[in-house]
Amino acid sequence: MGEKKGIAQIVRDLELEEDTGLRESDYEVKSPRDTTYNCIAFAVGDLTQFWDDLDSPAGMRVKGYYWPPGVPGTKTLAGWIKVFELHGYTETDDSSLDPEYEKIAIYVGSEGPEHVARQKASGAWVSKMGKGVDIEHFSLECLEGDFYGKVVKIMRRKCQGGRVLE
Amino acid sequence: MQTHTTTPVKFNESCLSQTLQPVYDFSQTTASVPHDILKIVLVPIEPATDLLDKTYERSIEVEQMFHNYVEIWRRQTRHLSSVAKMVSHPAYQAIVEMGEPVLPLLFEELRERPDHWLVALHRITKEDPAKRNSNFNDAVNAWLEWGRKRGLLK
């Protein structure tokens with residue numbers, strides 16, 4: 001029997017496949033399920049907070065959630081873009097791998113932004129799936145569909161002496 | 001109809017502060033509003049004060065209904081990233097509408113499988129015991145402590 005490889009290499013997430021239409025070959029699970037952070041938190045490298053404004057103005061929110069002050073709401077694409085601008089990203093049309101840039105891709109459905117994925121140095125993408133697992137996926141298209149909508153915005157930031165997130 | 005009584009839960013705090021709010025919304029005031037309506041009348045907001053000295057009997061029916069709603073909600077929101085969407089789900093709304101009697105079950109659920117119940121707890125109790133700038137885990141712990149102090153969680 002070989003070395004224990006951990007959850008990432010031995011687990012499929014059937015619930016995830018059921019909800020999103022992912023196939024086994026599209027992804028690898030990289031973490032246990034976790035309700036404490038979401039995709040946007042994961043994309044900016046924060047695994048300690050759930051980033052959401054609860055569709056309420058600051059000061060009126062139930063505590064336990066984080067949304068940057070002065071940024072438009074989570075229901076708006078403008079809000080998501082602003083979050084990444086605050087982290088040094090600018091808009092681009094190119095989702096291909098460029099060793100000099102870190103990239104993120106925002107998925108938008110009929111009711112607004114639904115998901116964001118982040119590109120690794122290998123060219124693969126990583127995503128936190130709602131309240132579920134983190135995955136590595138091998139295309140952006142494999143997450144497109146009824147559940148998360150389509151990729152409508154790519155953003156990038158220059159790597160400064162190596163990637164900030166990996 | 002079956003009525004099964006299991007663990008009675010009793011609040012053990014003697015009082016909570018009473019909040020007052022104006023009956024009339026002055027933001028809607030216009031020149032045509034009759035003069036005699038322009039006086040402030042204060043009445044108590046019900047929820048937090050009403051939590052005192054109540055004993056909730058946990059019937060099988062309430063527990064079954066609660067757990068059914070929980071499972072539906074968990075299954076249908078497990079891959080959403082938006083809390084606003086999660087809490088607008090009909091099963092979540094139904095749990096909120098079950099009101100105070102569901103609090104002991106809600107606290108147990110929060111302790112056993114932490115999930116986004118903070119909004120439901122706030123809507124039912126009108127309280128928010130978490131500190132400013134709490135992250136999700138901190139807020140869950142603050143709520144569990146709040147529930148324990150009131151005898152809602154063993």
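The model is predicted. Start where the chains meet. On one side, 27 residues of chain B are in contact. The size of an interface is often given as the accessible area lost when the parts come together. Here the area buried between chain B and chain A is about 2400 Å². Carbon and sulfur atoms give 53% of that area. Within chain B, three residues lose the most area to chain A: B:Arg78, B:His79 and B:Ser81. Together they account for 34% of what the chain B side buries.

The side chains of A:Lys131 and B:Asp115 form a salt bridge, with N to O at 3.1 Å.

Which helices of chain B each supply at least two residues of the side that touches chain A? They are helix H2 (60-77), helix H3 (83-87), helix H6 (118-125) and helix H7 (136-149). The largest share comes from H3(B), with 4 residues. By class, the side of chain B that touches chain A divides into 11 nonpolar, 9 polar and 7 charged residues.

Now the pockets. The largest pocket has a volume of about 500 Å³. Its lining is made of 20 residues. Nearest the centre lie A:Gly59, A:Arg61 and A:Tyr65 from chain A, with B:Arg132 and B:Asn133 from chain B. The lining of the largest pocket splits into 9 nonpolar, 7 polar and 4 charged residues.

The second largest pocket has a volume of about 300 Å³. It is lined by 14 residues. How do these divide by class, into how many nonpolar, polar and charged residues? The lining has 1 nonpolar, 3 polar and 10 charged. A:Glu15, A:Arg33, B:Arg74, B:Arg78 and B:Asp115 lie nearest the centre of this pocket. Two of these names have come up before. B:Arg78 is among the residues of chain B that lose the most area to chain A, and B:Asp115 is the salt-bridge partner of A:Lys131. H2(B) gives the most to the lining of the second largest pocket, with 3 residues.

Finally, the salt bridges over all chains. The structure holds 26 of them. One is within chain A: A:Glu24 pairs with A:Arg12, the closest N and O atoms being 3.4 Å apart. A:Glu24 sits in the loop between helix H2 (14-20) and strand S1 (27-29) of chain A, and A:Arg12 in the loop between helix H1 (7-10) and H2, so the pair ties together parts that are 12 residues apart in sequence.

Definitions and conventions:
Residues are numbered from 1 along each chain as its sequence is written. Chains are lettered from A and ligands numbered from 1 in the order in which they are written. This is a predicted model: local features need pLDDT of at least 70, side-chain atom pairs count only at pLDDT 80 or more; totals for chains, interfaces and linings use all residues. Side-chain values use heavy atoms; hydrogens and water are left out. Contact means heavy atoms within 4.5 Å. Buried area is the accessible area (1.4 Å probe) that two parts lose on being put together, summed over both. A salt bridge is a side-chain nitrogen of Lys or Arg within 4 Å of a carboxyl oxygen of Asp or Glu. Ala, Val, Leu, Ile, Met, Phe, Trp, Tyr, Cys and Pro count as nonpolar, Asp, Glu, Lys and Arg as charged, and the others, Gly among them, as polar. On a 1 Å grid over the protein atoms alone, a cavity is a set of points where a 1.4 Å probe fits but cannot get out, and a pocket is an open set with protein on both sides within 12 Å along at least five of seven lines; lining residues have an atom within 4 Å of a point. Grid points are joined across faces, edges and corners, and a volume is the space filled by probe spheres set on the points.
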